[in-house]
Amino acid sequence: MKLAYYPGCVSQSTGKEMDASTRAVCAALGIEIEELADWNCCGATHVSNELVATGLAARNMAQTDLPIMTACSICYSNLRAAEERLKEPEVLAKVNAVLDKKYRGAVIRHALDVMLEALAEGDERIVLPLKGMLVAPYYGCLLTRPAGLYSAEFPVILETLIRRLEAEPVDFRKKTACCGGPIFMPQEKAADDIAFGILSEAKRAGAEVIVTVCPLCHLMLDAKQKILEQKGGEKIGIPVLYVTQLAGIALGLGPEELGLFMNSVSPMEIVEKAYERMSSES
Amino acid sequence: MAKDLDFKREVLRLAGAEVLTCIQCGTCSASCPTASLMNPSIRRLIKLCLEGRKDEALANDTLWLCTSCLLCTVRCPRGIRPKAVVSALKEISGRDEKKSKDASYEELFVKQIEENGRIAELPLTAEFLLVFPQGMVQSMQMGLELLPKGKIGIEIDRIKGRDEVKRIIKELRR
């Protein structure tokens, strides 16, 4: 299987471990990826004009004939929304009139779905089954919206992947609630309150680790966790892993490859616990 | 206040004519993660648009409290996209000379894409702080967290297709 990989802007900064773990897991699973040529920003949630947002996505999609994979739910949602809008001939004509390479359709995939497809149940490449690890499946908003492949409110794909890695998904009430990330710069308090609510709920649900599919969710829950603990007056102390990092751990990849030292709340303790559980069983 | 029908038409053009079918049921407001902070609510914002009350629709924080989570859009029983109404109002307010801090953030974001094709978070944050110095504390806190992890991109990554990106932004902004 060969895919074009769209890293997105955060791969160069706050989401470096997302990028590293995506590449490492793809290599381990024999998924051949080729970085999308000269990719541009998808506009995230800050391009209000829909036609402009569609044009930015179309330029990316026109760079390749391969299916496009991204590990960022914001990029994913924007490309998917654009792909949908470009089915309208009028939109397609307007957009293609300004593009160098013309858009001719695209297949957009999230790294989560690509990994799940590549991993069979009881796959022998899972050298460290994450038995007993309690994982909060945090979807956030944009993996499942606009509605399409997955239920927008009751998706299960993350739980499926967590179980395939032999970990245990906890019942997480806020799994598709928003993290507040898109407004954290200009509306700090509103965003912080929302993000703290998610962390607090994950703790109540008994999670040892939270797994995310979006770099902005990750930033809010991991990089901001200490700040949120101070503001919210409650200790959380739950590591937040990208889904590619969690899968990478189960595939026996090392912390350097997976960028585990880049996480703010260190996940090393839960990784060690997983190794201990395995060695005590065997 | 006189009805501004041009404003109403512009909202409908940008957000879709189905906005006219709104029954004011409030599902959007009930779904919104920041509803408790909004005044007017998203439901009422849609009503203001349909009544052509431009000044009231634009002069509040409701637009800028939208996190783009799309739950309203997924749930609307009339198939309206309340998030698209918010985007339309952001687009309209962006045409005004005088801008809120939130509108400035969006403008700086798009300007970076226009100039480089990609976003570099550090220069974006620095430019925003010139407009909104009150954001300094949060930015310093995050900087202290991210810098030792090597997660602050200092270099600006410029793509080859910058002219094409510029054209996309300029020509498609109808």
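Predicted model: local features only at pLDDT ≥ 70, side-chain atom pairs only at ≥ 80, totals over all residues.
Me: Where does Cys76(B) sit in chain B?

Reply: Look in the loop between α6 (71-75) and α7 (82-93) of chain B. There's another cysteine to check as well: Cys25(B) is 51 residues away in sequence, with 9.0 Å from C-alpha to C-alpha.

Me: Is Cys76(B) buried or exposed, and why?

Reply: The call rests on a count, with 20 or more other C-beta atoms within 10 Å needed for buried. Cys76(B) has 21 of them, so it is buried.

Me: How do I read the nonpolar core? Which residues touch the most other members?

Reply: The general idea is that in soluble globular proteins, nonpolar side chains tend to be buried together. Here the largest core holds 150 residues, and Ala195(A), Val211(A) and Val85(B) touch the most other members. Helix α7 (residues 188-204) of chain A gives the largest share of this core, eight residues. As for Val85(B), beyond four places in sequence its contacts are Val11(B), Ala15(B), Val19(B), Leu45(B), Ile46(B) and Cys49(B).

Me: And the interface? How many residues does each chain bring to the contact?

Reply: An interface's size is often given as the accessible area lost when the parts come together. Counted by residues, chain B brings 54 and chain A brings 46. On the chain B side, helices that each supply at least two residues include α6, α7 and α8 (101-116). By class, that side has 24 nonpolar, 13 polar and 17 charged residues.

Key. Residues numbered from 1 in each chain as written. Chains lettered and ligands numbered in written order. Helix = DSSP H or I, 4+ residues; strand = E, 2+ residues; numbered from the N terminus. Buried ≥ 20, exposed ≤ 12 C-beta atoms within 10 Å, placed from the backbone. Core = buried A, V, L, I, M, F, W, Y, C linked by C-beta atoms within 7 Å. Contact = placed C-beta atoms within 7 Å. Nonpolar A, V, L, I, M, F, W, Y, C, P; charged D, E, K, R; others polar.
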